[in-house]
Amino acid sequence: MTDHSIAGTTVLIAGGAKNLGGLLARDLARNGARAVAIHYNSPASAPAASETVAAVKAAGAEAVALQADLTTAGAVEKLFADAVAAVGRPDIAINTVGKVLKKPIVEITEAEYDEMSAVNAKSAFFFLKEAGRHVADNGKICTLVTSLLGAYTPFYASYAGTKAPVEHFTRAASKEFGARGISVTAIGPGPMDTPFFYPAEGADAVAYHKTAAALSQFSRTGLTDIEDIVPFIRFLVSEGWWMTGQTILVNGGYTTK
């Protein structure tokens with residue numbers, strides 16, 4: 001029987017320096033990962049990446065930080081090659097990269113659309129491609145999307161719309177990689193209490209989001225707390241391997257499909 005525990009695994013986390021990705025890197029190290037490759041996007045995130053590397057090492061795992069802008073296929077290919085060279089072939093590949101824009105459709109420029117598409121859809125596609133090439137047999141792949149995939153709402157067309165393709169990328173990849181025992185999932189949190197969320201929202205919108213989920217009153221912030229998402233990702237990339245091809249919305253009853 002194949003062992004699906006975290007213990008002894010090698011992990012690559014895109015967007016792993018801070019927020020959800022940083023907490024996930026620490027959590028998987030505490031749960032026995034052998035090594036964690038931590039990707040970060042820009043030099044501004046280098047200090048956070050260094051802190052996460054130190055925390056992962058303190059938990060007993062190897063760690064390396066790798067910087068890359070993942071909006072080109074070549075950059076994603078190089079990230080995987082660098083990760084393999086530094087810590088070995090990944091058993092688990094997790095992509096938390098994303099960019100949000102809240103704006104009416106009629107105000108979105110072509111440049112904004114192209115950037116949103118590159119960050120949210122293109123980078124996710126090529127991450128899955130390279131994960132399919134590099135992740136070990138019986139490995140796990142998980143991509144972060146958004147609970148807005150289950151919403152009927154204005155102003156998020158370019159955000160939810162460029163995350164939506166990942167749902168089908170996930171289905172297709174799960175079929176194509178399944179013969180090697182690889183499970184592929186996507187997880188869609190509700191609005192999370194991170195710096196990623198607040199710049200796009202006004203005070204009224206923040207107040208609404210903090211009360212919109214069925215379980216909002218039981219959340220530390222009213223929003224989705226990153227501490228509540230990490231266990232679901234940990235499960236999907238370990239004992240939850242039998243769940244594959246699925247996009248799961250984890251949001252305390254914020255939206256549903």
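Mentor: Before we look at how helices pack in this predicted model, note that a helix axis is a line fitted to C-alpha atoms over the stretch in contact, and that the angle between two axes runs from 0 to 180 degrees between the N-to-C directions.

Trainee: With that in mind, at what angle do the axes of α3 and α4 cross?

Mentor: The axes of helix α3, residues 73-87, and helix α4, residues 110-134, cross at roughly 40 degrees and come within 9 Å of each other, and the crossing of α3 and α4 is right-handed.

Trainee: Which residues in α3 and α4 meet there?

Mentor: From α3 come A73, V76, E77, F80 and V84, and they meet K122, S123, F126, F127, E130, A131, R133 and H134 in α4. Sorted by class, the residues of this contact of α3 with α4 are seven nonpolar, two polar and four charged.

Trainee: How should I read the packing of α1 and α2, and at what angle do they pack?

Mentor: The general idea is to take the angle and the distance together, and for α1 and α2 the angle is about 15 degrees while the axes are 9 Å apart. Because angles under 35 degrees count as roughly parallel, α1 is described as roughly parallel to α2. The crossing of α1 and α2 is right-handed, and the contact is made by G22, A25, R26 and A29 of α1 together with E51, T52, A55 and V56 of α2. By class, the contact of α1 with α2 holds four nonpolar, two polar and two charged residues.

Trainee: And is α1 parallel or oblique to α7?

Mentor: α1 and α7 pack at an angle of about 55 degrees, with their axes 10 Å apart, and that makes α1 oblique to α7. The crossing of α1 and α7 is right-handed. In α1, N19, L20, L23, L24, D27 and L28 meet I226, E227, I229, V230, I233 and R234 in α7, and the residues of this contact of α1 with α7 divide into eight nonpolar, one polar and three charged.

Trainee: Is I233 buried or exposed?

Mentor: I233, which is found in helix α7, has a relative accessible area of 1% and is therefore buried. Leaving aside its neighbours within four places in sequence, I233 is in contact with L20, L24, I94, C142, L144 and I187.

Trainee: Where does V97 lie, and what does V97 touch?

Mentor: V97 lies in the loop between β4 and α4, and at 17% relative accessibility V97 counts as buried, because buried means under 20% relative accessible area. Not counting residues up to four places away in sequence, V97 touches A14, G15, H39, L70, V119, S123 and K163. For L70 in particular, which is 27 residues from V97 along the chain, the C-alpha atoms of the pair are separated by 8.7 Å.

Trainee: Is the charged residue E167 buried or exposed?

Mentor: E167 is buried, with a relative accessible area of 18%, and its place is in helix α5, residues 157-177. Not counting residues up to four places away in sequence, E167 touches L149, T247 and K257.

Trainee: Finally, to check the backbone, what is the phi of N19, and what is the phi of N138?

Mentor: N19 has a positive phi of about 55 degrees although it is not a glycine, and N138 has a positive phi of about 65 degrees although it, too, is not a glycine. N19 belongs to helix α1 and is partly exposed, with a relative accessible area of 29%. N138 sits in the loop between α4 and β5 and is partly exposed, with a relative accessible area of 32%.

How values were computed:
Residues numbered from 1 in each chain as written. Predicted model: local features only at pLDDT ≥ 70, side-chain atom pairs only at ≥ 80, totals over all residues. Heavy atoms only, no water. Helix = DSSP H or I, 4+ residues; strand = E, 2+ residues; numbered from the N terminus. Left-handed = near helix turned anticlockwise from the far one by under 90°. Contact = heavy atoms within 4.5 Å. Nonpolar A, V, L, I, M, F, W, Y, C, P; charged D, E, K, R; others polar. Buried < 20%, exposed > 50% of the residue type's maximum accessible area, 1.4 Å probe, protein only. Parallel < 35°, antiparallel > 145°, perpendicular 65-115°, else oblique.
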